[in-house]
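This report describes a predicted model. The sections below take up its backbone geometry, its sheet, its helices and a few single residues in turn.

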Amino acid sequence: MQVLRVETLSNDLSGTALVDMPTPERRPGEVLVRIHAASLNFPDLLMTRGEYQFKPPVPFTSGLECAGEVIEADPGSGFARGDRVMGGNKTGAFAQVASLPARGLSRIPGGFSYAQGAAMGAAYSTAYTGLVELCAVKPGQWVLVHGASGGVGLAAVDLAKAMGARVIAATGVDAKRSAIETIAEPDHVILADGRFREAVSEITGGALCDIVFDPVGGDVFDESTRCVAFAGKLVVVGFTSGRIAEVATNIPLIKGFSIAGLRAGEYARRFPERGKAINAAIAQLAEAGRIDPAIDRTLPLSRWREGFEAMANRELIGKVVFEPGA
């Protein structure tokens with residue numbers, strides 16, 4: 001079968017290639033899955049460079065998440081041949097067949113395609129863990145979502161709207177504002193370039209935001225500390241800007257807000273019952289038609305470089321989905 005293999009770490013994808021490998025054998029506790037769709041996440045790009053906090057030894061098969069059809073599973077695992085599943089592991093999803101831990105899989109919501117299932121898992125579990133588990137978002141609260149054109153950012157906008165919050169979507173690319181308005185339908189879209197506190201204050205009538213969801217970091221984080229309401233929360237999701245920001249602790253003290261670190265995958269691993277509840281809640285919202293993952297483009301796995309480069313160049317509005325069998 002064909003897999004996308006990171007043979008050596010590099011900053012230009014030169015160490016990554018599509019190669020032929022034997023079909024894997026299923027190990028106890030795992031589910032053998034024929035993959036129909038696999039979505040690209042920012043950590044996938046970072047891992048080709050060795051810049052992500054999880055650093056698998058090279059060579060490794062790339063890909064955090066996928067959706068497909070069960071080929072074989074342990075009796076009593078909850079899965080059977082033919083089941084439509086989504087989920088994954090830290091690596092291994094960019095392949096035609098993968099053996100994946102049963103605990104990392106769930107059924108695709110009714111009515112969802114394989115592409116939708118692959119695009120939903122990591123993005124929406126991150127958004128749900130941050131907004132609901134860590135921040136207990138409530139109807140009517142103001143939520144500022146940065147990186148709102150990316151997969152996680154769009155998921156956070158979509159989910160916050162579904163939970164009844166008032167959402168300000170922020171992007172660093174002015175040309176993406178109209179597309180975000182059309183796809184995600186937030187209450188407001190702003191350009192998070194330089195000073196944006198004044199725009200947030202004007203929109204909220206001076207109340208600022210109960211929750212700031214920040215996958216960007218850097219200068220965006222710095223300015224976001226000025227946008228959090230008293231007793232609000234600033235959620236650190238990632239650092240797509242490339243700079244890990246620092247904050248003087250007198251700022252959250254004086255302003256009375258909390259900073260919460262978000263690692264959705266680790267949260268689910270440490271609290272597996274909560275992880276199952278999160279997956280169930282997301283599936284319920286999806287089946288009710290209240291959330292829908294945004295897909296920028298669907299590509300055969302042979303065109304993997306196009307997807308990775310579009311992500312690196314910040315061209316995407318939503319997720320890239322690869323089809324390994326196409």
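Where is the place of Pro59? Pro59 sits in the loop between α1 and β4, the latter being residues 60-61.

Most peptide bonds are trans, and most residues other than glycine have a negative phi. Against that background, several residues of this predicted model deserve a look at the backbone.

Leu13, which is not a glycine, has a positive phi of about 70°; this residue is found in the loop between β1 and β2, and with a relative accessible area of 7% Leu13 is buried. Ala136, likewise a residue other than glycine, has a positive phi near 50° and belongs to the loop between α2 and β9. Its relative accessibility is 38%, so Ala136 counts as partly exposed. A further positive phi, near 60°, is that of Arg314, which follows α10.

## The parallel sheet

Six strands make up an open sheet with parallel pairing, and their order is β11-β10-β9-β12-β13-β14. The edges are taken by β11 (188-191) and β14 (258-261), each of which has a single partner strand, so one side of each is left without a neighbour in the sheet. From one strand to the next, the twist averages 20°.

Within this sheet, β12 (residues 209-214) and β13 (residues 228-236) run parallel and are joined by five bridges, and Phe213 stands opposite Val235 in β13. Helix α2 (residues 114-134) packs on the sheet, where it touches β9 (142-145), β12, β13 and β14, and the direction of α2 makes about 155° with that of β12. Helix α4 (residues 177-184) also packs on the sheet, touching β10 (166-171) and β11, and the direction of α4 makes about 155° with that of β11.

## Helices α1 and α10

Two packed helices are described by the angle between their axes and the distance between the axes. For helix α1 (residues 42-49) and helix α10 (residues 304-312), the axes come within 10 Å and cross at roughly 95°; angles of 65 to 115 degrees count as roughly perpendicular, and α1 and α10 are therefore roughly perpendicular to each other. On the α1 side the contact is made by Phe42, Asp44, Leu45, Thr48 and Arg49, and on the α10 side by Phe308, Met311 and Ala312.

Which residues of α10 are buried? They are Trp304, Gly307, Phe308, Ala310 and Met311. Viewed down the axis of α10, these buried residues fall within an arc of 160°, so they line one face of the helix. Their packing partners are β1 (2-6), β2 (16-20), α1, β15 (295-300) and β16 (319-323).

His146 lies in the loop between β9 and α3 (151-162) and is buried, with a relative accessible area of 1%. Leaving aside residues up to four places away in sequence, the contacts of His146 include Gly153, Ala170, Ala192 and Phe196, and among them are also Val212, Phe213, Asp214, Pro215 and Val216. Phe213, one of these contacts, is the residue that stands opposite Val235 in β13.

Gly217 lies in the loop between β12 and α6 (218-224), and at a relative accessible area of 3% it is buried. Not counting residues up to four places away in sequence, Gly217 touches Gly238, Ser241 and Arg243. The C-alpha atoms of Gly217 and Val200, which are 17 residues apart along the chain, are separated by 18 Å.

Is Ala231, a residue with a relative accessible area of 59%, buried or exposed? Ala231 is exposed, and its place is in strand β13. With residues up to four places away in sequence not counted, Ala231 touches Lys255, Gly256 and Phe257. For Phe257, which is 26 residues from Ala231 along the chain, the C-alpha atoms of the two residues are separated by 4.6 Å.

Key. Residues numbered from 1 in each chain as written. Predicted model: local features only at pLDDT ≥ 70, side-chain atom pairs only at ≥ 80, totals over all residues. Heavy atoms only, no water. Pairing = 2+ DSSP bridges. Helix = DSSP H or I, 4+ residues; strand = E, 2+ residues; numbered from the N terminus. Axes fitted to C-alpha atoms, helices over the stretch in contact; angles between N-to-C directions. Contact = heavy atoms within 4.5 Å. Parallel < 35°, antiparallel > 145°, perpendicular 65-115°, else oblique. Buried < 20%, exposed > 50% of the residue type's maximum accessible area, 1.4 Å probe, protein only. Arc of directions from axis to C-beta.
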